Amino acid sequence: MKKLNSLMTKTTLVVASIMLVTGCSAVAKPQMNETATSNVGVLKAKALDNALLYSDECITEREVVAAQKMWGEGIVRIGAVFSNDGDYSGEAADFIQDMYGYDLSSVLFKPTLAANDQFRSSFDAALSYFVGGNDAYQEDKGFAIKPYTNVKFDNVGIINNSCRMAVAMGNYFFTDTKGGETKVEYTFAYVKDSDGDLRIVAHQSSLPYNPNGN
């Protein structure tokens, strides 16, 4: 009986060896299920969308400074259009479209003078902050239609270690029509779109801490 078992064992080993040599295998090759295949398709689609929406060029510090200058000029322009009884809402809408990335991705926007609705995650919410007139955001008086005559950025630093996103932090100074100047703290994060323009995807600003509480 032991010899028979031994013979059967040897026969099994020989057959297994032959199957391996000839490329036959009793083990089925792993196959991707439908869910995995679908996930791969989604990832490829997202990669394609990113390629169409974003530039593959790194962001330079000079580009950030230029974008900041454009942002400041845009705020002044909205106020000037308002003062001249023009279409300041349309001007502000163009400004947001040009400067912010609401059509690219989510935008994290925490305006300076927002207390009840602190975060403006939609285009309409941002527009309301800059020009007011939206019943959904009754606290908004229209930041850009104060108006201002000048906006000056003073960067503490600009970092672009990730190449595809740059972050700037510092103070910017808003000069009103009476010559008064307001200092505000800011942090802006930029990406570069497929046209090579910088777009803001994160914007946080606040008034400096006042120890006297005034």
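1. Let's start with the disulfide. In this predicted model, Cys58 and Cys163 are joined through sulfur atoms that sit 1.6 Å apart. The count comes to 1 disulfide, and with -90° about the S-S bond the Cys58–Cys163 link is left-handed. As you will know, a disulfide is a covalent bond between the sulfur atoms of two cysteines.

2. What does the pair tie together? Cys58 is in the loop between α2 (34-53) and α3, while Cys163 is in the loop between β2 and β3, so the link connects parts 105 residues apart in sequence.

3. Are the two cysteines buried or exposed? Cys58 has a relative accessible area of 43% and is partly exposed. Cys163 has 18% relative accessibility and counts as buried, because the cut-off for buried is under 20%.

4. Now to helix α3, which covers residues 61-83. Its 23 residues reach 34 Å from the first C-alpha to the last, close to the 33 Å expected at 1.5 Å a residue. Beyond the helix comes Asp85, with a positive phi near 60°.

5. Which residues of α3 are buried? They are Val64, Ala67, Gln68, Trp71, Gly72, Gly74, Ile75, Ile78, Gly79 and Val81. When you look along the helix, keep in mind that an α-helix has 3.6 residues a turn, so residues three or four places apart point the same way.

6. What do these buried residues pack against? Their partners include the helices α4 (88-99) and α5 (123-131). The buried residues of α3 also pack against the strands β2 (148-159), β3 (165-176), β4 (181-192) and β5 (198-206).

Note on methods. Residues numbered from 1 in each chain as written. Predicted model: local features only at pLDDT ≥ 70, side-chain atom pairs only at ≥ 80, totals over all residues. Heavy atoms only, no water. Helix = DSSP H or I, 4+ residues; strand = E, 2+ residues; numbered from the N terminus. Expected span 1.5 Å × (residues − 1). Buried < 20%, exposed > 50% of the residue type's maximum accessible area, 1.4 Å probe, protein only. Contact = heavy atoms within 4.5 Å. Disulfide = S-S within 2.5 Å.
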